[in-house]
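Open the model in your viewer and keep the selection tool at hand.

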Amino acid sequence: MLGGAGILVGVAAGPAQAAEVSYATRCVPPAASGLDPVEGTTKVEITAPATAHVGDEVTVVWKFTQAASKNPDLIDLPANSVQPSGTLKAAGAQTADLAMQGPRENPAIPKGGAMVLSDMKGTLKLTTPGEVTLTPDAYSINAFSTDTKCAPTQTVGPAATIEVTGSSTRPSSTPTTTPSTTPSTTPTTTPSTTPSTQPTGSSSASPSDSGQTDFTGKEVSVPYACKTPIGDKNATSPVQIDAKKNGGSFDLTVQFKKSVMDSPADIPADSVKPSMEVALGGSDKGTVHVEGPTNSQAIKSGDPIEIPDLTGTYKPGASGQSTLSPGVLTIKALGTTTTCTPTKSEVSLTLDTTQQAGGASGGDSSGSSGSSSGGTSSSGGLAQTGADDHGTLRALGLVAGTVILLGGAIFTFMPHRRTR
């Protein structure tokens, strides 16, 4: 047995045998990535019993001694994030396609490092006496719910042979294979959306409206320059900042309009989270931190991904008229960060403010500094960029910060307009 792999056989099964085959392979990344296929060499070691009887159920082990591609120079793959599955072909006395799958177990794989894949197992019930050959065929590499599919580009020779003995009077029916696989359950979910409550009022609070508590900001088009794990991107999105007076402070809501993407892959719950630093101007200076919730449910491939409303509290640091503009947008996901900085500032909301103790740093105040906080930041996030023909965010969203890696694959979220 190699790599600690066990062999499960019937009572009369013979000793295990192991043999390695090497074959040219073509690996195809997900279609949405736009990446070219990878050509390489796969080396596989198949372990199976040398002899067995008709009726025995044997376990076969597929061990990768070399995958066809390396991890691209884009992002590190974390430990236990990659899972292989594949097909082993039985031929000769018995014909069957044996489903193989390995556990999601791997060491951390650095950029440019060799892909390290776990051993795959499958179970075959022997039905016919004679020689049964076992030949590795196509396989897939799964990471973060996307697949890179690899297939032989040449004829592959058998890697192991089982001599099956037994009565030829046994029924010779269609071979039965019992795959040792775990079914892939893709949750069907309804995209988590945040309802938008449009407050009444104007975008500017004046001394004459002292009883007003709700203030609606102007929708402004914000051009962003984004730093992503795979390079710089530009994007534009309409953003609106609203406020509700709460004592001497204001509860802020930042809405992204028409900034929704369709997911090309399944996304686990609580894995993506956006935040922003709202820029202050006029009488006040500094920033206000606002953030949105993580996705409460898993998002199915093809379903829209919406940027939730970002919320936080603005405590004024100066008295007078203060302006609020969309600022730096940060999106975290699966340990990576994409940061988008506005290349042009435009005011969405103007408020009459009264300085509060511990507020944002006022332009005329010498005693206070820092920024007003809208909550505690946490990890997770959406990200990605690229402007469409209408100037909206083409994609605020590559899972894992802008890249999902799969033995040479990345993918990009596509735009989908949001209806409020």
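This is a predicted model: local features need pLDDT of at least 70, side-chain atom pairs count only at pLDDT 80 or more; totals for chains, interfaces and linings use all residues.

Select Gln94 and Thr127: a polar atom of the Gln94 side chain lies 3.0 Å from the backbone nitrogen of Thr127. Gln94 sits in the loop between β5 and β6 (strands are DSSP E runs of at least two residues, numbered from the N terminus). Gln94 is buried, with a relative accessible area of 1%; buried means under 20% relative accessible area, using a 1.4 Å probe and protein chains only.

Residues are numbered from 1 along each chain as its sequence is written, and side-chain values use heavy atoms, with hydrogens and water left out.

Next, select Ile46, Trp62, Leu134 and Tyr139, the residues with the most contacts inside the largest nonpolar core, which has 38 residues. Such a core is a set of buried Ala, Val, Leu, Ile, Met, Phe, Trp, Tyr and Cys residues joined through side-chain atoms within 4.5 Å. β8 gives the largest share of this core, five residues.

Now select Phe250 and Tyr314. Their ring centres are 6.2 Å apart and their planes at 25 degrees, so the pair is stacked (centres within 6.5 Å, planes under 30 degrees apart). Phe250 is in β15 and Tyr314 in β20, so the pair ties together parts 64 residues apart in sequence.

Methods. Buried means under 20% relative accessible area, exposed over 50%, partly exposed in between (1.4 Å probe, protein chains only). Helices (H or I, at least four residues) and strands (E, at least two) are DSSP runs, numbered from the N terminus. A polar contact is a pair of N or O atoms within 3.5 Å; within protein, one must be able to donate a hydrogen and the other to accept it, and residues adjacent in sequence count only if both atoms are side-chain atoms. Rings of Phe, Tyr and Trp (its six-membered ring) pair if their centres lie within 6.5 Å; planes under 30 degrees apart count as stacked, over 60 as edge-to-face and the rest as tilted.
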